[in-house]
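Colleague: I'd like to learn how to read a model like this one. Can we go through it feature by feature?

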Amino acid sequence: MSQPSHVIPDDIGNLTFPQAVRRGVTLRCPACARGKLFRRLLGMHEKCSDCGFSFERSPGYFLGSTYINYGFTAAITTASYVTLHFGLGCTNGQLLPGMVAFILFFPLVFFRFARSLWLSLDCYFDRVGASEAMSGSRPAEDNNLDAADRR
Ligand SMILES: [Zn+2]
């Protein structure tokens, strides 16, 4: 029997589901809960400034966050439609402008939270992949700019 190629750090290994959700909702590093994920409205840090955890493990990593964003948008829209149309008797004509506006703007507002939840839930369900993102990384220094800042 072979040994695992690496040891899962305690920060990732002891991550509970409620912790993962809380760190996702608060837009914090899923490994340490201290570092911020975003440096501005839509721009993300490459690594955690506190523990060095790499946020984007590979190109296109955050494509999966669109599933979370779409899922929340569809679930809220469906629940709202059923409640307003069948529960309160609103007509389709009354509901259409509000529903269209919601479908267009909610994903933009929810973008940061979808990415953060994707990252934290991925760390919860894939601890080996998360520990690989953590091993070999070191905290970003304050005067060390991310690649996007150097451009
Ligand atoms: Zn961190």
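Modeller: Let's begin with F102, which counts as partly exposed because its relative accessibility is 26%; buried means under 20% relative accessible area, exposed over 50%, partly exposed in between, with a 1.4 Å probe and protein chains only. Keep in mind that this is a predicted model, where local features need pLDDT of at least 70 and side-chain atom pairs count only at pLDDT 80 or more, while totals for chains, interfaces and linings use all residues. Residues are numbered from 1 along each chain as its sequence is written, and side-chain values use heavy atoms, leaving out hydrogens and water.

Colleague: Is F106 buried or exposed?

Modeller: F106 counts as buried, because its relative accessibility is 16%. F102 and F106 both sit in helix α4, four residues apart, about one turn of the helix; helices are DSSP runs of H or I with at least four residues, numbered from the N terminus.

Colleague: How many aromatic pairs are there in the whole structure?

Modeller: Rings of Phe, Tyr and Trp (its six-membered ring) pair if their centres lie within 6.5 Å; planes under 30 degrees apart count as stacked, over 60 as edge-to-face and the rest as tilted. Searching the whole structure gives eleven aromatic pairs. F102 and F106 are stacked, because their ring centres are 4.9 Å apart and their planes at 20°. Ring pairs also join F72, F102, F106, F110 and F113 into a cluster.

Colleague: Which residues coordinate the zinc ion?

Modeller: Donors are N, O and S atoms within 2.8 Å of the metal (3.2 Å for Na, K and Ca), and water is not among the atoms, so sites may look incomplete. Here the SG atoms of C29, C32, C48 and C51 coordinate the zinc ion at 2.2 to 2.4 Å. Along the chain, these donors follow the spacing C-x2-C-x15-C-x2-C.

Colleague: Why is the arrangement around the zinc ion tetrahedral?

Modeller: Four donors count as tetrahedral if all angles lie between 85 and 135 degrees. The four donor atoms around the zinc ion subtend angles of 106 to 116°, so the arrangement is tetrahedral.

Colleague: And which residues have the most contacts inside the largest nonpolar core?

Modeller: A nonpolar core is a set of buried Ala, Val, Leu, Ile, Met, Phe, Trp, Tyr and Cys residues joined through side-chain atoms within 4.5 Å. The largest one has 21 residues, and C29, C51, F53 and F55 have the most contacts inside it. C29 counts as buried because its relative accessibility is 0%.

Conventions: Tetrahedral: all angles 85-135°; square planar, octahedral: opposite > 155°, others 65-115°. Helix = DSSP H or I, 4+ residues; strand = E, 2+ residues; numbered from the N terminus.
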